[in-house]
Amino acid sequence: MSARPAPAPPARLTRWEQRTEVPLFAAGLIFLTGYAVRVLTPHEAEPWNDIALILVWSTWLLFLVDYGARLRLSGLGPRFVRVHWLDTLVLLLPLLRPLRMVQVYLAVQRRRDRPRLSLYARVIAYAGLTAGLLGFAASLAVYHLEHTAADASIRTFGDAVWWACATLTTVGYGDVAPVTFWGRAVAVGLMAGGLALLGAVTGSFSSWLIQVFTREDEKRPPERG
């Protein structure tokens, strides 16, 4: 027996997503900027810390309003939390909003007849952008959690960026590593994200190379015996 196809989202929900994905992505960048200011500037740096705090809370309230609207328009009731688990996770952890890059692309693409980029270029571009934003967010989070901990090896934001690059690429030099529980939780999430995103990039690039070489072989005239 074949599995039933997933039901299409209601038209009102689809229209809402088309209208809000790009503005909410911009709000996510504002949230990330505000969080970066809060983490990287001294506590006595006023009024920048207060402005950053206002940006963080106001954008999070936008995410909460959007989540409530999606829940209401979906018609799923409490099942929305389980069916749209990524939306729920991103609401609770707004630093994970880069994971919604695919939805942002789909919302933009619905306004055009044809994609501007090939399939392989789209995968590489959006996975690369997502990996970069996710790595930056993880660097901020792990620096915030680690730099004041006892026996911490991540003391500066530069250390955190170096650690994020090594973790995203699964190299794992081990010269710097989180020592707190929540810092290690961030590391686990970044490892999983790095495997998925960079795997998509390398897989797409390899497939593109195979396609190019296959076309070259097809153009080459057959050798005479």
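Predicted model: local features only at pLDDT ≥ 70, side-chain atom pairs only at ≥ 80, totals over all residues.
Helix α1 has 30 residues and reaches 43 Å from its first C-alpha to its last, close to the 44 Å expected at 1.5 Å a residue. The expected span is 1.5 Å times one less than the number of residues in the helix. Helices here are DSSP runs of H or I with at least four residues, strands are runs of E with at least two, and both are numbered from the N terminus. At Thr20, α1 bends by about 40°, and Pro23 follows within four residues. That bend is the angle between axes fitted to the seven residues ending at a residue and the seven starting there.

Residues are numbered from 1 along each chain as its sequence is written, and side-chain values use heavy atoms, with hydrogens and water left out.

The protein as a whole has 8 helices and 0 strands. Of its 225 residues, 33% are buried; buried means under 20% relative accessible area, exposed over 50%, and partly exposed in between, with a 1.4 Å probe and protein chains only.

The largest nonpolar core has 32 residues, and Tyr35, Leu95, Trp163 and Leu190 have the most contacts inside it. Such a core is a set of buried Ala, Val, Leu, Ile, Met, Phe, Trp, Tyr and Cys residues joined through side-chain atoms within 4.5 Å. At least two residues of this core come from each of α1, α2, α6, α7 and α8. The largest share, 10 residues, is supplied by α6. Which residues does Leu190 touch? Leaving aside residues up to four places away in sequence, they are Leu134, Gly135, Ala138, Trp163, Ala164, Thr167 and Leu168, where contact means heavy atoms within 4.5 Å.

Finally, the aromatic rings. The whole structure holds 6 aromatic pairs. Rings of Phe, Tyr and Trp (its six-membered ring) pair if their centres lie within 6.5 Å; planes under 30 degrees apart count as stacked, over 60 as edge-to-face and the rest as tilted. Trp57 and Trp60 form an edge-to-face pair, 6.1 Å centre to centre with 80° between the planes. Because they are 3 residues apart in α2, about one helical turn separates them. Trp57 is exposed at 52% relative accessibility, whereas Trp60 is partly exposed at 24%. Phe136 and Phe157 also pair edge-to-face, at 6.1 Å and 90°. Phe136 lies in α6 and Phe157 in α7, so this pair ties together parts 21 residues apart in sequence.
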